[in-house]
Amino acid sequence: MCQMNSVLLAVALIGLPTFTYAQSRSDHWYDHAVIYEIYPRSFSDSNGDGIGDLNGITARLDYLKGLGIDAIWITPFFPSPNADFGYDISDYVNVAPEYGTLADWDKLVAEANKRGLRILVDFVLNHTSDQHPWFKESRSSRTNPKRDWYVWKTGGGQSQPPTHWTSIFGGYTWTWDAHTQQWYYHIFLPQQPDVNWANPGLRKAMFDVVRFWLNRGASGFRLDATPYLFEDPAFPDDPHPPQAGGPAALEPYNSGRPENHQVLQQMRKILDGYPGDRVLLGESSTATIQDLARVYGKHHDEIQLPMDFLFGNLNALDAALFKKQVDAAQLELGGETPVFFFSSHDHPRQWSTFGDGKHNDEIAKLTAALTLMQRGTVLLYYGEEIGMGNMPGGQLRTVPLSSKRPRSDDRDGERTPMQWDAGLNSGFTTGSPWLPVESGYRSYNVETEKANPDSVYAWYAKLLQLRRESALLRDGAYLPLESGNRDVFAFGRQAGSKEIALIVLNTSSKEQAIHITGIPKGWPPFRTVLAASPKASAPASQDFTIAPFGVLITSVD
Ligand code: GLC
């Protein structure tokens, strides 16, 4: 059973009326975890074929432990025709040959556990590959027992799909099957047919997959594309069809359906039946913060960690926007654990997104403090901690497509090889890498940055150490503050009635004067600077200035 993991407190703050803030009182590891996302194809290649693999990850566990993360989420490493780079799975209970074997997975889990690291498996539950045996059976005839494991409709025959819904990857959500003279439904590519979660046989088969990986040591799952599990059974036509080729996400008839809750509750029950505090991390895009609050489950019995895309999709360095979305995540989710991230295998890398071309490192340090100093769970994307940049499309196109590179994708720019050192292929592979190494690797790599106390890596390591060692920064309540300056985001962390930390972030290229309000009576002055970039001293009063792109983390003790 899930327990209520937080409370809402009301306190009187200077300069503000009575305010509500969220305080965590959970001892679940995942409520304050840092989870490191690994795109296995690009992390570390152990056998010289130019493609990263599970043994490569095992070989880097000491690095990850040293960095100070709690868990790893590995994006799909299962057999797949790679129409969508592993997100089209043709066998859920195996390892693709290019990534290794089930024995390699077992070794990875054992070695991770030795180091106190947990591993989350990416579970693609909305669709399979069209090459999965389930779909091959389903499409073999209208009377096949697995026909109903997928979503089939006749529509108006070959010339007219059942609805004019648009898929997330473009085109209609329907593909015509000439053999059985029906359409099948896919919210993503035609090679990714949606399964039918209403079918009990399919549901059982999927839950068997869940048990398979839990039995083999997974600490939980990152659930792919959770909003799309069900469609409106009436399949109404789209009253506002998007422009041809335009995006089609989150329509009321194909996402966020009430039927999703039951599946997620059932899955959560399976996890809760296992020891070890297993977790569901959800790719749970929502249109509003209220919708996001519902993803945790009315009784806290669904996804413990739904990713906050309202925050994660921000792409402008703007203190006011950061404050708006952080306040919402911290104060409007009923005290549930928010999940912060900026970079991922689907999002361009934040060093490039927020960087201005001149101060990218300072800005990367600022966005790191913005996420890592929050109450809640933080996702880091491999290479974020060394300031890896996105590779521009032009550089990617110079590499010919080969059997090692299934197809090009406009997300390749954030999926280039991890930069381990300044040597050939950045130490990722002894062979020829499946994607080129990003050109900044001679300066931005683990080995070089570990030796430099001012590097992006050193800053991340420092913040992660602070989170580990300071109960205040790990578990303290979030305290909303006002900086009196739209370029400066200030917030506090508070533990009990004795400890407080102040975090100040200047998102502008100019020094900014601020006046902090919202700090409970009697707290200032702050005395101890925990971290600052560039160097700054603890403010003596609520009025002070902060350097361009400056970060200040200070406390009273
Ligand atoms: C999720 C994955 C993305 C994939 C899509 C379809 O959004 O993160 O990479 O393309 O699902 O499976």
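Student: What classes do the residues lining the second largest pocket divide into?
Tutor: They divide into seven nonpolar, eight polar and five charged. Here Ala, Val, Leu, Ile, Met, Phe, Trp, Tyr, Cys and Pro count as nonpolar, Asp, Glu, Lys and Arg as charged, and the others, Gly among them, as polar. Keep in mind that this is a predicted model: local features need pLDDT of at least 70, side-chain atom pairs count only at pLDDT 80 or more, and totals for chains, interfaces and linings use all residues. Residues are numbered from 1 along each chain as its sequence is written, and side-chain values use heavy atoms, with hydrogens and water left out.

Student: How much space lies in that second largest pocket?
Tutor: About 350 Å³. A pocket is an open set of points on a 1 Å grid over the protein atoms alone, where a 1.4 Å probe fits, with protein on both sides within 12 Å along at least five of seven lines; lining residues have an atom within 4 Å of a point. The volume is the space filled by probe spheres set on the points, which are joined across faces, edges and corners. Of its 20 lining residues, Ser255, Gly256, Thr286, Asp291 and Val295 are the closest to its centre.

Student: Which helices supply at least two residues each of that lining?
Tutor: α6 (259-272) and α7 (289-295) do. Helices are DSSP runs of H or I with at least four residues, strands are runs of E with at least two, and both are numbered from the N terminus.

Student: Switching topic: where is the ligand?
Tutor: The ligand takes up the space of the largest pocket, going by the criterion that more than half of its atoms lie within 2 Å of the pocket's grid points. That pocket has about 720 Å³ of space. Its lining has 35 residues, with Ile168, Phe188, Glu283, Asp346 and Arg411 the closest to the centre.

Student: And which side chains have polar atoms by the ligand's oxygens?
Tutor: Among them are Glu283 at 2.7 Å, Asp224 at 2.9 Å and Arg222 at 3.0 Å. A polar contact is a pair of N or O atoms within 3.5 Å.

Student: What about the shell around the ligand, by class?
Tutor: The shell has three nonpolar, three polar and seven charged residues, counting any residue with a heavy atom within 4 Å.

Student: Last one: where is the cis peptide bond?
Tutor: That bond joins Ser533 and Pro534, with omega about -5°. Pro534 is in the loop between β18 (528-533) and β19 (543-546).

Methods:
A polar contact is a pair of N or O atoms within 3.5 Å; within protein, one must be able to donate a hydrogen and the other to accept it, and residues adjacent in sequence count only if both atoms are side-chain atoms.
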